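Q: Could you walk me through how to read this model, one feature at a time?

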Amino acid sequence: MRRVARVAALVVAGFIAVPEGPVRAEGMVLDKIVAVVGDEIILLSQLDTLVASSPLMQEALQKYGRNPTKQQIEQATLEARTQALDELIDQQLIKKEAARFQISITDADVERYLQQIAQENGFSNTKQLREAVEQSGQYGNWADYIQDTKDQLLVYQTTRALANTSVTDAQIREQYRKMVRGVDIKADLLRFVFTPEEQTAKARDAAYSNAQAVARRMRAGEDPMALAQEFLIKEPKATLSRGEVAPAIEDAIFAARVGETVGPLETGQGYLVVKVVRHETGNVLPFDQAKERIRMQLEQESFARAVKDLRASLRAKTHIDPRL
């Protein structure tokens, strides 16, 4: 009865007794509780394991130069532990959500990720990765590293499942327009605009039919200037700069190769057919070449915001008592 009371008193005080080897009074080691998250606790040993296996301590020490004082080392340790504790609290909250939504990581998932890590770090296989991990001394053993990897994957997969990180084509186009704003990007065109004589279905069909005919005949190799005379297009030559027309029309024109015919494209006034004569793009990639890179960038930014929002939401509805 006294032993139970003793353990309870240690927990209330922020410490817990952990047996080391055979259970005997002189063999007890104190492990401090550094946070209570809902109905779970985080121990100082867990915290220091994370600090040891991450660059947090090295980053905290950098500002003190090569020979930090004892006081500076203590301050850096506190800073590293504070950051690591935030990570552990968020990790615990997200793991709870994973359990609630039955999200899990299989051994096969872990193995695939380990192979990826090995490859990215220049190892031939996961055996070499294991040797490097064990030699680093950052983890107690390989099992600890595997568990840490599994936890990271679980947090990532849960966040992806619960957070909205989608990026639309309109967002990609807008980001590209911001990137090229102020850059002189132009296209010289032969432009044919077919406007209905009146706003009736018959007139719109006639305008569209003429646009189709011109596009088909230019693609077949007919002289655009002769077609301009035939269809009474007075000034077919034009120069278009980025930002002057609707994004969908702009993207179609600037994605086209020199000599290519584009259209018919529907506009607010009628139907447009263009032949691209020349591009002036400077050092800027065309939209069709840049869009996947932009998509990746926007998805990464969206994911970072989603992670932040999800963690703030989980913290707001959970009792958290940091005791560092």
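A: Gladly, and let us begin with strands. Two strands pair if DSSP finds at least two bridges between them; strands (E, at least two residues) and helices (H or I, at least four) are DSSP runs, numbered from the N terminus. Here Leu 189 stands opposite Val 276 in β7. Strand β4 (residues 186-194) and strand β7 (residues 271-280) pair in the antiparallel sense over nine bridges. This is a predicted model: local features need pLDDT of at least 70, side-chain atom pairs count only at pLDDT 80 or more, and totals for chains, interfaces and linings use all residues. Residues are numbered from 1 along each chain as its sequence is written, and side-chain values use heavy atoms, with hydrogens and water left out.

Q: Which strand does β4 pair with over five bridges?

A: That is β5 (residues 237-241), again in the antiparallel sense. Leu 190 stands opposite Lys 237 in β5. In a regular strand the side chains alternate between the two faces of the sheet.

Q: Which residues of α12 are buried?

A: Buried means under 20% relative accessible area, exposed over 50%, and partly exposed in between (1.4 Å probe, protein chains only). In α12 the buried residues include Phe 287, Ile 294, Phe 303 and Leu 314. Their cover includes α4 (70-100) and α7 (142-162).

Q: How many salt bridges does the structure hold?

A: Side chains of opposite charge can pair when their charged atoms come close. A salt bridge is a side-chain nitrogen of Lys or Arg within 4 Å of a carboxyl oxygen of Asp or Glu, and the structure holds 17 of them. In one of them, Arg 315 meets Asp 90, the closest N and O atoms being 2.8 Å apart. Arg 315 lies in helix α12 and Asp 90 in helix α4, so the pair ties together parts that are 225 residues apart in sequence.

Q: Is Asp 90 buried or exposed?

A: Asp 90 counts as buried, at 9% relative accessibility, while Arg 315 is partly exposed at 29%.

Conventions:
Contact = heavy atoms within 4.5 Å.
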